[in-house]
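Take a look at the model below.

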Amino acid sequence: MVNLVHLHLLLNHVPTVGTIVAFGFLLLAFAKKSDDLLRGSFALFFAIALVSLATYMTGHAAEAVMKDRPGVSAELIAVHQSAAFLALVFMEATGVAAWFGLWQARKPGGRSKWASPAVLLLSVITIALMANAANIGGEIIHPEILAPGTHPSVTSGALAPYALRGAAVRYYQFHHPNAWPTLEALHFIGLSLLFGVVLVGNLRILGFMRNAPFIDIHRLLPWGVLGFVINSVTGMLFFVGQAFQYVDNIAFHFKVLFMLLAGANVLYLTLFDDVWALGTGDNAPATAKLLAASQIFLWLGVIYFGRMLPYIGGAF
Amino acid sequence: MESFFEWLQALSVSNWIATDESIWSFPTILFFHSVGMGLTAGVMFMICLRLVGVGRPLPVSSMRMLFKIFWAGFALNAVTGSLLFAAHATITGNQPIYYTKLTLIAIGVALAVPLQKFVKSDGSDGNVPSAVRGLAVAALAVWVGVITTGRFIAYLQ
């Protein structure tokens, strides 16, 4: 039976190995001055940033299973978690910058402008932080990687600032009565922004709003990404503060799964030339319509399982 | 008013929503209320962002059909919102923030009417008059307020 610890051990290679591969493509794209390679590396960074959210969250599930085992240091797990969170923040920033690169390249006659240097800089930092987090993580169950006679490096490496750690976030959530409702309000504003853009973009593909060419939707897309960023930040603050409510919550597992699938769908529609070629009055191909319908369905699924967190999964 | 809230809450449908422990009562109504919010506020955000000037090349006239979604979402939430209210009428009915939310919804709907009139007019693909832009900014703020007050109702018992 595969459990979330297995999943963490599988997924933890994605942000570490994946960012290095994507970084290689990025350098190659610069060397060859290839826009296609550049877009390929952006797409890879975006996908890795999505999966990294799940990597981080399965880490909390692994912690719940592992922390009381003999020979496993709970302190070391906490240090690994803190290092991983810092790496995650930069990974997500890299993913957002990469999406902007793909978006800028979609402008009529446009090229990625600030996105390339931003992705380059952020990905270098991310690789260093991921290596640090992975190294500490490895020491949790692979003491053989240490030199003989040395102990795990509990205090070494770059860690998340105290304000971003679970204990600090939890303290804030409980000591400021308006903190949780404010995060919830922001989460629902982000939801509406994201859902509005999802509706407008996909309704055009489905054949509504036909007097607009698809490229005209272009300027609205960053507002959807803004909604996604608001919800990732507020969502991670819920999660970091109250991880125990989510890690074994089946509704939460489905919510994350639907979110990853919807994110993959966003990536595909950003890369899918058939959609961007739709002019005034044009009808989209059937595959595009199927994807557009699936995207609306997937986001409805995210809302459904989000709303069901307390009722199916017993959170709160 | 209090006796009305008590009568409302004592209805068998209200009682079912408040006490049934399956996911098909309160949780499902809450889900549809969230979807209605996504439709109403989401679509209104897009219309207003465009009218304010963001996403300029998009023809305003292409957004006409979005008002159908706006009103459908509004109808869905009027129904689901009334059901959610009925289930806890004596509690929610005594919260000032609930009446703030209702007031904001009324303003949001009142703003939607002239915005719809402009978007559906023949000249909507020309320049957006500054009065319409002002209404759009107000509508953005009002719907953000509706969502925020709505979320706080769940926590201020």
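Leaving aside neighbours within four places in sequence, P15(A) is in contact (heavy atoms within 4.5 Å) with I48(A), S52(A), T55(A) and M130(A). P15(A) and I48(A) are 33 residues apart in sequence, yet 6.0 Å apart in space, C-alpha to C-alpha. P15(A) sits in helix α2 (residues 13-32) of chain A. Helices here are DSSP runs of H or I, at least four residues, numbered from the N terminus. P15(A) is buried, at a relative accessible area of 3%; buried means under 20% with a 1.4 Å probe, protein chains only.

This is a predicted model: local features need pLDDT of at least 70, side-chain atom pairs count only at pLDDT 80 or more, and totals for chains, interfaces and linings use all residues. Residues are numbered from 1 along each chain as its sequence is written, chains are lettered from A and ligands numbered from 1 in the order written, and side-chain values use heavy atoms, without hydrogens and water.

Next comes helix α3 (residues 35-66) of chain A. It has 32 residues and reaches 45 Å from first C-alpha to last, close to the 46 Å expected at 1.5 Å a residue. At its start, a side-chain oxygen of S34(A) comes to within 3.4 Å of the backbone nitrogen of D36(A).

Now the second largest pocket. Its lining has 35 residues, with F46(A), V96(A), V225(A), F228(A) and V229(A) nearest the centre. Lining residues have an atom within 4 Å of a point on a 1 Å grid. α3 is among the elements giving two or more residues. α8(A) gives the most, with nine.

Conventions:
Expected span 1.5 Å × (residues − 1). Polar contact = N/O pair within 3.5 Å; in protein donor to acceptor, adjacent residues only side chain to side chain. 1 Å grid on protein atoms, 1.4 Å probe; cavity = no way out; pocket = protein on both sides within 12 Å on 5 of 7 lines; lining within 4 Å. Buried < 20%, exposed > 50% of the residue type's maximum accessible area, 1.4 Å probe, protein only.
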